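This report examines selected features of the structure shown below.

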Amino acid sequence: MGLKAYLNDIVEAVVTTAKGMRITARYGVDPKEEVTLQYPEERWEIPKGYRGFLHNDIKTCTACNMCVKVCPIDCISLESVRGADKKMVLCSYDINIGRCMYCGLCVEVCPVNSLLHTSGYEMASVALGELILHFIAAEDAPEIKARVARQVAEAAVKAAAQAAAKAAEVPSSGTAEAAKVAEAAKAEAAKAPVVEPKAAMEEAPQAPVSEPTVAKEGEKKE
Amino acid sequence: MTIRTDALPTQEMTINMGPQHPSTHGVLRVILTTDGEVVTRAVPDMGYLHRGLEKIGERVTYAQYMPFTDRLDYLAAMNCNCAWAWTVEKLAKIEVPARAEYLRVIVCELNRISSHLIAFGSYTADMGAFTPFLYAIRERERVNDLFEMLCGNRLTYNYARVGGVSGDAPPGFLEKTKEFLDYFEPKLDEYNNLISYNKIFVHRLANVAVIPAEEAVAYGLTGPNLRGSGVPFDLRKDEPYSVYPKFDFKVCVGTGERGTLGDCFDRYMVRINEMRESVKIVRQAVAQIPDGPVRAKVPRLFKPPVGEAYFRSECPRGETGIYLISDGTVNPLRLKIRTGSFVTMNIFEKVTRGLMIADVVAVIGSFDIILPEIDR
Amino acid sequence: MEALAISLVNAVPLLAGVPLWTVTLLLMVAVAAVILVFALTFEGVGSLVLRKVAGDIQARIGPNRVGPNGMLQFLADGVKLVLKEDIIPANADRLLFKLAPYFVFVGSFAAFVVVPFGVGLIAADLNIGIYYVMAVTSLVVIGVLLAGWASNNKWALLGGMRAAAQIVSYEIPVGMALIPAVLIAGSLSLQDIVRSQGGLLGIFGWNLFHNPFTFFSFFLYFTAAQAETNQTPFDLPEAESELVSGYNVEYSGIRFGLFFLAEFGDMFIVAALATACFLGGWNVPFFHVGTLPWIWGNLLSLGVFLTKAFAMVLIMMWVRWTLPRLRVDQLMRMSWKYLVPLTFVNLLGVSLWLLVFRGKGIPGMIASLFG
Ligand code: SF4
Ligand code: SF4
């Protein structure tokens, strides 16, 4: 290495260091350059469409099971029973938020927009179980099931009564066809509640069919 | 550079560098055999982050796999998202609306910037200068803000969809993007003044771990690591996909300006220059973006035809190729992912021989590896 | 110390019956305590300032939670370090492992003894002042080496070896860069060196401006001394991103605290030496502090000295947060190929200058030109 290169090296080192130090000095003395956000006192503005915790408005949820199917990591589970008006009634809806990766696929797929992202992002708990969000309290599930079953039974009784009334009407008229109609109506009334639990089972295999419903329907069958 | 060790033989020592080490960029374990400070052998031991992403792909549907691509390279999730979407679209021959393609290019290039920022920042931190790292993080935060506005998340975006993107840009997004570009471009000069041409930094990088062009090609390096060796190969130019042919940008290659062609400094500089090119692409895309729908009609129970497809795209860490076989059901039959970082690790043992321990850190940083891509 | 004891005994009649050596001993303990308190306070505050400066430079805030504006952060840190469990690795060499932090701490703390804080404020005005500092701070390297060896950790060992190589190599340029000040003052005593920069020339009386060679000397000293204190860009023994944390990787609790304190102590010593040897020490520009009453003179000079020293510390922090780290071989090359030859050339230059111009500096000549 020649003397010139040697000196050049030194000069270059000094110059580049000085350049760098000028930049750091500028940041050092300029208070406007501080970008720290003093969380939790200060918070950033959460944009619309932020994918935070999930929230299900169970009033509008139709228990269609789409979200359960689309979730890649199976963190949603729901249980539903067929109500008196043939619609599914939710009796539990849980999201394991500790497992959820906030991918938003479930929200995108929800046909009635009942499942939505909130802007929440803070949660701390000491037990893993606390991370499962129950949108319907676990205690309420049997109650809902019982209520739905009662409603279904009532509707069935009503339908049967109606059919019976019709049937009663028919013999007075004395035609054979009328008797046939009454028979069909009766059978339908008896059949309807029996078929339903099976359908519910197919749709949500993880949702066990509740005892009381089965028992009542069994009675009905007889 | 190599240091003569034959003059004063000493006993060799085996050191485990990682899997918990500040500079291995994750859970990489390097088994170093050193003679004092000189590394005689450095064997990377991978697999600490293996999650079976390819196997998972065979279990979930095409749409459900999208969030998993976020985890393929979490610093460039947008690129991986889009790579998956492009592959499935190629397989099923789905036409994507133009606006969606433009949005994809915008987010891919923004993500390239943010990924290269991390590469730049963590590299300088590895070299002992902590300040540029925080500057880089500061700029990256702005990109994250943009993405948060666009798709609601800051790291695992899950933005692309088969047939388009998950949602149109919210009002103000494109303006905000332009604002960011205006803010960001001068910062690159600042980085160069602050650290890139700093004498110590140059000395740490120049002539270290030189990879000649033929060797880089032979070992299958891609992305900035290949271009650092002076090979002007960029899939965006050489095998154009999406709307890339519509943009005017340059392929950055190493020039050997401070040392030998293909050394750590070249690889580093390629990334810095690529950020500038990405800014240029985003500017053009924002100016040209057409109106229209952002999502093609894809049936909910999407079943691609029987067949296979291989699609490769230019991700920040090299070429990400996805090979997909479909048997006509909702799940892929087989999925194979080729990632840049994994392939780069092949040459690691070769180039680190005879370097110092500090150089091993420099080499890992200059490859800009990311562990989820290596282990998948 | 004995002189002070005699004057004390003379001043306070009550002490007349006490043997002189007792008074001297007590005085020594008292002075040591004062210096220790100062050193600890400086080290605490220094760590806080370091983090604040880092925050400012890095576009963030830095510690601001403990006390007003984070002022008490160092106390919290200190309490934490003291209360933490002191872990000794199972396979460590226990005796050496325990001993190492004390070597390091004593090495840096002992140097405080000869720091000329004020016109009369110096624990011991040794006539070998600079020599003593150089010798005592070398103790640090033994501590670091022991720590690296005793931890039984390969990273720590590498850190220790690096530290030893580094400090040994940089001791030479540090010493050579300080000699010009010694030549000008004609004494190794730091007080004498400071006094030689007084007079009515103001800041131009400083050795820094004495002649071009001393000017360069200052920068050479400053660069080399940064290496001696293991500051970035020369923080190889710790090298967070390479050696994880270097020689102190296995230390925890108060033993780690001692390393930490020593680091800041070293920083102050370097700044103090630079101030004393090149920046006029406690001299107040255009003013002779000796003419003031003892107490005011000392207070004023103490203030001036500390201001200069702290400014130097700040610059060191500034450099630390700007530059990347050198590699081991580059570090050695920098010392042997650049700093050592340059300091020698410089030393030669200063000697020739003093010979040719009979000890007069440029400002002095200009002053005499104008009468
Ligand atoms: S956000 Fe994703 S992971 Fe979370 S529940 Fe919905 S689909 Fe499952
Ligand atoms: S997709 Fe929506 S409506 Fe259907 S079950 Fe889920 S939350 Fe309820």
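## The hairpin in chain A

The model is a predicted one. In chain A, strands S2 and S3 form a hairpin, with five residues lying between them. Within that turn, A:Lys86 adopts a positive phi of about 70 degrees. Strand S2 covers residues 76-82, and its pairing with S3(A) is antiparallel, extending over seven bridges. One position in this pairing sets A:Arg82 opposite A:Met88, a residue of S3(A).

Strand S3 comprises residues 88-96 of chain A and is mostly covered, with seven of its nine residues buried. S3(A) also pairs with a further strand, S5 (residues 132-134) of chain A. This second pairing is again antiparallel and consists of three bridges. Here A:Ile95 stands opposite A:Leu133, which belongs to S5(A). In a regular strand, side chains alternate between the two faces of the sheet.

Most residues other than glycine have a negative phi, and most peptide bonds are trans. The peptide bond between A:Tyr39 and A:Pro40 is cis, with omega about 5 degrees. A:Pro40 lies in the loop that connects helix H1 (3-29) to strand S1 (54-56) of chain A.

Two non-glycine residues in other loops have positive phi values. A:Tyr102 has a phi near 55 degrees and is located in the loop between S3 and helix H3 (105-109) of chain A. For A:Asn113, phi is positive at about 55 degrees; this residue occupies the loop between H3 and strand S4 (115-117) of chain A. A:Asn113 counts as exposed because its relative accessibility is 52%, above the 50% cut-off.

## The interface of chains B and A

Between chain B and chain A, 32 residues of chain B are in contact with 32 residues of chain A. The two chains bury about 2500 Å² between them, and 48% of that area is on carbon and sulfur atoms. On the chain B side, B:Gln64, B:Lys199 and B:Arg300 supply 22% of the area that chain B buries against chain A, more than any other three residues.

Six salt bridges are counted between chain B and chain A. One of them joins A:Glu108 to B:Arg161, whose closest N and O atoms are 2.6 Å apart. Four helices of chain B, namely H2 (66-70), H5 (131-151), H6 (173-196) and H7 (199-205), each supply at least two residues of the side that touches chain A. H5(B) gives the most to this side, with six residues. By residue class, the side of chain B that touches chain A has ten nonpolar, ten polar and twelve charged residues.

## The interface of chains C and B

Between chain C and chain B, 25 residues of chain C are in contact with 36 residues of chain B. The buried area is about 2500 Å², of which carbon and sulfur atoms give 62%. C:Trp155, C:Pro324 and C:Arg327 supply 24% of the area that chain C buries against chain B, more than any other three residues.

The salt-bridge count between chain C and chain B is two. B:Glu37 forms a salt bridge with C:Arg162, and their closest N and O atoms are 2.4 Å apart. Helix H7 (154-185), helix H10 (240-243) and H13 of chain C each supply at least two residues of the side that touches chain B. That side of chain C divides into eleven nonpolar, five polar and nine charged residues.

C:Gln330 is placed in helix H13 (residues 328-356) of chain C. C:Gln330 counts as buried because its relative accessibility is 7%, under the 20% cut-off.

Apart from residues up to four places away in sequence, C:Gln330 touches B:His203 and B:Arg204. The side chain of C:Gln330 reaches the backbone oxygen of B:His203 at 2.9 Å.

Note on methods. Residues numbered from 1 in each chain as written. Chains lettered and ligands numbered in written order. Predicted model: local features only at pLDDT ≥ 70, side-chain atom pairs only at ≥ 80, totals over all residues. Heavy atoms only, no water. Buried < 20%, exposed > 50% of the residue type's maximum accessible area, 1.4 Å probe, protein only. Pairing = 2+ DSSP bridges. Contact = heavy atoms within 4.5 Å. Buried area = accessible area lost by both parts, 1.4 Å probe. Salt bridge = Lys/Arg side-chain N within 4 Å of Asp/Glu carboxyl O. Nonpolar A, V, L, I, M, F, W, Y, C, P; charged D, E, K, R; others polar. Polar contact = N/O pair within 3.5 Å; in protein donor to acceptor, adjacent residues only side chain to side chain.
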